[in-house]
Amino acid sequence: MLEGLGSPASPRAAASTSVVGSSGPAACPPPSPSAPRSPESPVPRRGGVRASVPQKLAETLSSQYGLIVFVAGLLLLLAWAVHAAGVGKSDLLCFLTALMLLQLLWMLWYVGRSSAHRRLFRLKDTHAGAGWLRGSITLFAFITIILGGLKIGYFIGFSECLSATEGVFPVTHAVHTLLQVYFLWGHAKDIIQSFKTLERFGVIHSVFTNLLLWANGVLNESKHQLNEHKERLITLGFGNITTVLDDHTPQCNCTPPTLCTAISHGIYYLYPFNIEYQILASTMLYVLWKNIGRKVDSHQHQKMQFKSDGVTVGAVLGLTALAATIAVVVVYLIHIGRSKTKSESALIMFYLYAITLLMLMGAAGLAGIRIYRIEEKSLDESKNPARKLDSDLLVGTASGSWLISWGSILAILCAKDHPRYTWYNLPYSILVMVEKYIQNLFIIESIHREPEKLSEDIRTLRVVTVCNGKPLASSCLKSGGVAEDVAPQGRDLPPAAKGNVCMREGCGKEEEKQEESSWGGSPSPVRLPRFLQGNAKRKVLRNIAAFLFLCNISLWIPPAFGCRPEYDNGLEEIVFGFEPWIIVVNLAMPFSIFYRMHAAASLFEVYCNI
């Protein structure tokens, strides 16, 4: 027994202290049934199990309410898209405005109640609402407000033939955006423990309101892209598969005409940022909903630190890819649709650029995974809604581009005529699937890695078992010399060892070998190569993360701003039919675009945690 720590303060504390032999690990045995129960110890009750039933019921009811609202909104969107009789754009905008006003009322109530009780201690989820995420959503929200200003100008120009709802909607959306960003900055980390049933309905209403606003933005942007796509197909010689343009231009003159034209074109260039804002807001609100009534474990998330040293190679390669992307997009948009020869040249240029970039990204991802595999470090399997949502979104949104890629591959294999650019489309479609598969593995493994360094206090707990603040001599100590080295540290144990925490480490043969390695004994059988040890390994991983981060931003730009070869090559429309393929692309493309932005955000977190 180590000296200087005193004797147990109560019979219960003495009963919970035991010395572990060499045959097994240390543990904290529960008190015997015959022992009197301490007044502080909780008495098991059947009501403890039943207490979770109302919470689960409220979660189920609120989720069903949200789905009902979402389905109703999707039906209105579909009815307006297909020009259903009796359903106009004003009906859709009235529904969305009512949803936003209801969310505004709930957010004002929540913020007011939180301000009235601001002195009370509130539980926080340290994984949720990261600073870089709130910064990103603020940037996208600022551009969304600019988009709302352009829509107000558009309404003023065409006020003679537009309904009042088209003027009320952008104003309401701007106010909704401002208050929602303020709400997310202050309360995204909250773990709500009061008014839980009401809050569940309020938060899930906010989630699906943002999803419907996202779907509305996607539909408007897709209609604009579809009209441009039909015009380009005529130039490429596929006029027999096109249909009438879906034009929603108001049937009246705008004054001044030049300004109205500039506003109408500018609106569609800002839609990608609005779409990203809405989906990011809905994901942050979903994490808040999952955290309602949650019990937080004692594990605290490490604070991310951005370090720019030692990433010159990754940053230079990534910035080069970003500059090349901007150049390719500009040339593509200038040449596509001008003539058949220029359009085919633009398609070949894009495919060559994308094939090269995807191969480099796949190689970087494989290198990162290989480093992790050699290290064989354990993963952090603690449950957390924010981290689980990140993994699910990576896999779920990647399926959008996988669907498009498989469609392109089948079209190439089944087509009778194969233009020259077709043979570049085949490796491009295969690499899109392979690269996202590799990148998902790298990101998911990275965000589940345990911290790199252990402090000296934690290293002490490998040898000394602490139970209720009492260090116990373990039989796996090799000699008295080790015990003497550890004994002085027992007086200044880490905070985790001072409460009712029982931490132990097994003393089997394998763990003895690991301890020998950490205390200067024999080396571990699995070691990284000499050039990847220490800080060198972290620098390599940071360069990989920085390069992939910039490459994902690069690959987000082309589809977000109209560079979509899936639309423009015309081969898939011939094989599958025009409308079926357009439906597939319009459903899958938003997920593919969001994947790149979400992957970039996840890679930024990976970079900061390495």
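**A walk through the cores and helix pairs**

Start by selecting Ile137, Phe183, Leu184, Val203 and Trp556, the residues with the most contacts inside the largest nonpolar core, which has 78 residues. A nonpolar core here is a set of buried Ala, Val, Leu, Ile, Met, Phe, Trp, Tyr and Cys residues joined through side-chain atoms within 4.5 Å, and buried means under 20% relative accessible area (1.4 Å probe, protein chains only). Helix 8 gives this core its largest share, 15 residues.

Quick note before you go on: this is a predicted model, where local features need pLDDT of at least 70 and side-chain atom pairs count only at pLDDT 80 or more, while totals for chains, interfaces and linings use all residues. Numbering runs from 1 along each chain as its sequence is written, and side-chain values use heavy atoms, with hydrogens and water left out.

Now click on Leu184. Beyond its neighbours within four places in sequence, Leu184 is in contact (heavy atoms within 4.5 Å) with Arg134, Ile137, Ala281, Met284 and Leu285.

Next, show helix 5 (residues 131–157) with helix 8 (residues 257–290): they pack at about 145 degrees, axes 7 Å apart. Those axes are lines fitted to C-alpha atoms over the stretch in contact, with angles from 0 to 180 degrees between N-to-C directions.

Last stop: helix 12 (residues 422–447) and helix 19 (residues 578–609), which pack at about 35 degrees with axes 10 Å apart. To see their contact, select residues including Phe442 and Ile443 of helix 12 and Tyr595 and Leu603 of helix 19.

Methods: Helices (H or I, at least four residues) and strands (E, at least two) are DSSP runs, numbered from the N terminus. Buried means under 20% relative accessible area, exposed over 50%, partly exposed in between (1.4 Å probe, protein chains only).
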